[in-house]
Amino acid sequence: LTRDNFQSGEWKDLEFKEYNYSAKGQPLEGGNLHPLLKVRSQLKQIFLCMGFEEMPTNNFVESSFWNFDALFQPQQHPARDSHDTFFLETPSTTKELPEDYVPRVKQVHESGGYGSRGYAYDWKREEANKNLLRTHTTAVSSRMLYQLAQKPFAPKKYFSIDRVFRNEAVDRTHLAEFHQIEGLVCDRGLTLCDLIGVLHDFFSRLGMTKLKFKPAYNPYTEPSMEIFSYHEGFKKWVEVGNSGMFRPEMLQPMGLPEDVQVIAWGLSLERPTMILYGIDNIRDLFGHKVDL
Ligand SMILES: COC[C@@H]1[C@H](c2ccc(C#Cc3ccccc3)cc2)[C@@H]2CN(C(=O)Nc3ccc(OC4CC4)cc3)C[C@@H](O)[C@@H](O)CN12
């Protein structure tokens, strides 16, 4: 039956078969949410249920100052080399740094303070001005903690889940960029026990109830711990993240009260997604399939 033969009246001389009301319709090809986005919203819900606020991470470009110097990461540290970090050509430098804070960062790098000996080198403003693609969301954490220090102190719990960029060799499980997940708690009198406790709470919400911790090193946390979880499926311990207590050399120059500590941890979004979805090549997570 068409519009034409209906309007012309031709339909009266035509023969039509019975309408089959139980015929199945065409399968609807709806879209699917991307696995990364599904795991990201699951993790966001976990943080929100734990009372954490999301940090604003909508700046991929960062200054070396917030990405490294504010975190007490020395200017000669290998991670600051262009072999590990993507530096920008245009705009190559930032002009906006808090001029009252920069001298305190310079001082703590050069001669320490707050019980630290510092690194005894000439800290250069030009190095701190260099723009880069942030290598970790801890750059955002440093900005947020500095802002927190500019107001009368109130405890805070922050989280971030966003893209970070590292100039590293790519392989089956590593790309030059990945999504970092980071949580931090800022309060008076926090200890390593509080860090271990919040890690058990967080990872238990991901089904990981058997954790163990190994001493580690980060330039901006002391003590630091690698986090391992026993994977019943693989029957082995899997490294599921890194954590630590931000150093006084990072927190004190910001102006946070002396009795305030910050515990923090991080993991990637790709690793849990690949394991949860049984994906063994990270390229299968992104775009067209490139068989190497
Ligand atoms: C360039 O590598 C960095 C990335 C990424 C990572 C590592 C450290 C941090 C951090 C931090 C930090 C530390 C102190 C203070 C603030 C932030 C963030 C991401 C993962 C961190 N890792 C990681 O995600 N592993 C992981 C996480 C969850 C998971 O869930 C499965 C369902 C069971 C499985 C695995 C550990 C390793 O994969 C590691 O080899 C790769 N790491």
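Predicted model: local features only at pLDDT ≥ 70, side-chain atom pairs only at ≥ 80, totals over all residues.
Figure 1. A backbone N or O atom of Ser268 is placed 2.8 Å from an oxygen atom of the ligand. The protein buries 87% of the 860 Å² that the ligand exposes when taken alone. Ser268 is listed among the closest residues of the shell, together with Met208, Glu239, Val240 and Arg271.

**Figure 2. Glu239 and Arg271 at the ligand.** For Glu239, the atom concerned is a backbone N or O, which lies 3.0 Å from a nitrogen atom of the ligand. For Arg271, a polar side-chain atom lies 3.3 Å from an oxygen atom of the ligand. Both residues are among the closest to the ligand.

**Figure 3. The shell of residues around the ligand.** In total, 22 residues surround the ligand. By residue type, the shell holds eight nonpolar, 10 polar and four charged residues. Four elements each contribute at least two residues to the shell: the strands β5 (177-188), β8 (236-246) and β9 (260-268), and the helix α9 (270-276). The largest share comes from β8, with six residues.

**Figure 4. The open sheet of seven strands.** The strands run in the order β1-β4-β5-β9-β8-β7-β6, and their pairing is mixed. At the edges are β1 (53-54) and β6 (211-218), each of which pairs on one side only. Strands of a sheet pair through backbone hydrogen bonds, in either the parallel or the antiparallel sense. Three strands of this sheet, β5, β9 and β8, follow one another in the order, and β5, β8 and β9 each supply at least two residues of the shell around the ligand.

**Figure 5. Pairing of β6 with β7.** Edge strand β6 pairs with β7 (residues 221-231) in the antiparallel sense, over seven bridges. Within this pairing, Ala216 stands opposite Ser224 of β7.

**Figure 6. The whole chain, for orientation of the close-up views.** The chain contains nine helices and nine strands. Its radius of gyration is 26 Å, well over the 19 Å that the globule rule gives for 292 residues, so the chain is more spread out than a compact globule. The C-alpha trace spans about 100 × 45 × 45 Å along its principal axes. The average pLDDT of the chain is 94, and 98% of the residues score at least 70. For the complex, the predictor gives an ipTM of 0.98 and a pTM of 0.89.

Conventions: Residues numbered from 1 in each chain as written. Heavy atoms only, no water. Near = heavy atom within 4 Å. Polar contact = N/O pair within 3.5 Å; in protein donor to acceptor, adjacent residues only side chain to side chain. Areas by Shrake-Rupley, 256 points an atom, 1.4 Å probe, with all protein chains shown as cover. Nonpolar A, V, L, I, M, F, W, Y, C, P; charged D, E, K, R; others polar. pLDDT = per-residue confidence, 0-100. Pairing = 2+ DSSP bridges. Rg over C-alpha atoms; globule rule 2.2 N^0.38 Å.
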